[in-house]
Amino acid sequence: MTRVPDSGTVAAKIAHNVHIHSSRFPLSELLRLHPSLRPYLSDDTGNNAGFPVFSIVKGMSQVHVQLPSLEALAVAEGPVSGEVVPCHSVAQGGYLDAGWEGDGLIVIYFFVPGVHDEKTGKTVIRSRMFLRNFEDPATGSAASGLAAYLTLTRAGEESETVFNYDIVQGVEMGRRSDIGVAVTLNAEDRGKVESVELRGTAVQVKSGEIRV
């Protein structure tokens, strides 16, 4: 982890072995777990194909659910009965490709792209994430995964190799978090992620020494 001098910002390179899974998370299952979103998501809104399942590394996977508005993002709630999506392979009735299953779970990461942020004046991605019935105000791993996924889906349309994202999470719970992610593609193989860098502000809460 590195600190940007005089800015209060820290940056960390994120370990990655990215993979877009062949199976998609069905709309019916999403609405079963999150019924409050039913008025905003339906087959008519183009979601009948389901939602992408993506791993930034094995054991750390997300379902990326793009919502149509901030209103929809605001009504999102934790999953029914605190259910989680297990890390099972498709052969076991899950959503992960063979060799990617294991311990852990798959988180559902809600996001709305292209939002004008009045605080910073930037165009940002607004997001929310629930783990069972707990809402996380800042999920660096999921934000990194979303940025990597969006970059790979844009790679064939744009010539750049570095993509920067500003993600704002936690607004709805009164704990705003500003998350920056920079994703760099391999210059020769644009289908390969070269690096993922997570950036954000930090406050020192403790210091110490370890004597060897």
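The model is predicted. The chain has three helices and twelve strands.

**Overall form**

- The C-alpha trace of the chain spans about 50 × 45 × 40 Å along its principal axes.
- Of the 212 residues in the chain, 44% are buried.
- Among contacts in the chain with a separation of 6 or more, 64% are between residues 24 or more positions apart.

**Largest pocket**

- The largest pocket holds about 580 Å³ of space.
- Its lining consists of 28 residues, and those nearest the centre of the pocket are Asp178, Ile179, Gly180, Arg199 and Gly200.
- Four strands each supply at least two residues of this lining: E2 (9-13), E10 (162-169), E11 (177-185) and E12 (193-201).
- By class, the pocket lining divides into 13 nonpolar, nine polar and six charged residues.

**Largest cavity**

- The structure holds one cavity of 30 Å³ or more.
- The space in the largest cavity comes to about 100 Å³.
- Fourteen residues line the largest cavity, with Pro79, Glu83, Ile106, Ile108 and Phe130 nearest its centre.
- Two elements give two or more residues to this lining, namely strand E7 (105-116) and strand E8 (123-131).
- Strand E7 gives the most, with five residues.
- The cavity lining has eleven nonpolar residues, one polar residue and two charged residues.

**Aromatic pairs**

- Three aromatic pairs are found in a search of the whole structure.
- One of them joins phenylalanine 54 and tyrosine 149, whose ring centres are 5.8 Å apart; their planes stand at 65°, so the pair is edge-to-face.
- This pair links distant parts of the chain, because phenylalanine 54 is in strand E4 (residues 51-57) and tyrosine 149 is in helix H3 (residues 140-154), 95 residues apart.
- Both phenylalanine 54 and tyrosine 149 are buried.
- Phenylalanine 110 and phenylalanine 130 have ring centres 6.5 Å apart and planes at 70°, so this pair is edge-to-face.
- Phenylalanine 110 is buried, at a relative accessible area of 0%.
- Phenylalanine 130 is buried, at a relative accessible area of 10%, and this residue is among those nearest the centre of the largest cavity.

- With 21% relative accessibility, arginine 190 counts as partly exposed, as the cut-off for buried is under 20%.
- Leaving aside residues up to four places away in sequence, arginine 190 touches Leu152, Ala155, Glu158, Ser159, Glu160, Thr161, Phe163 and Leu185.
- The C-alpha atoms of arginine 190 and serine 159 are separated by 9.2 Å, and the two residues are 31 residues apart along the chain.
- Histidine 116 belongs to strand E7.
- Its relative accessibility of 53% means that histidine 116 counts as exposed, since that class begins over 50%.
- Histidine 116 touches Gly121 and Lys122, not counting residues up to four places away in sequence.
- Between the C-alpha atoms of histidine 116 and alanine 143, which are 27 residues apart along the chain, the separation is 18 Å.

**Positive phi values**

- Most residues other than glycine have a negative phi.
- Serine 81 is not a glycine, yet has a positive phi of about 60°.
- Serine 81 lies in the loop between helix H2 (70-75) and strand E6 (85-86), and is exposed, with a relative accessible area of 71%.
- Arginine 132, also a residue other than glycine, has a positive phi near 55°.
- The loop between E8 and strand E9 (134-135) contains arginine 132, which is partly exposed at a relative accessible area of 45%.

Terms used. Residues are numbered from 1 along each chain as its sequence is written. This is a predicted model: local features need pLDDT of at least 70, side-chain atom pairs count only at pLDDT 80 or more; totals for chains, interfaces and linings use all residues. Side-chain values use heavy atoms; hydrogens and water are left out. On a 1 Å grid over the protein atoms alone, a cavity is a set of points where a 1.4 Å probe fits but cannot get out, and a pocket is an open set with protein on both sides within 12 Å along at least five of seven lines; lining residues have an atom within 4 Å of a point. Grid points are joined across faces, edges and corners, and a volume is the space filled by probe spheres set on the points. Ala, Val, Leu, Ile, Met, Phe, Trp, Tyr, Cys and Pro count as nonpolar, Asp, Glu, Lys and Arg as charged, and the others, Gly among them, as polar. Rings of Phe, Tyr and Trp (its six-membered ring) pair if their centres lie within 6.5 Å; planes under 30 degrees apart count as stacked, over 60 as edge-to-face and the rest as tilted. Buried means under 20% relative accessible area, exposed over 50%, partly exposed in between (1.4 Å probe, protein chains only). Contact means heavy atoms within 4.5 Å.
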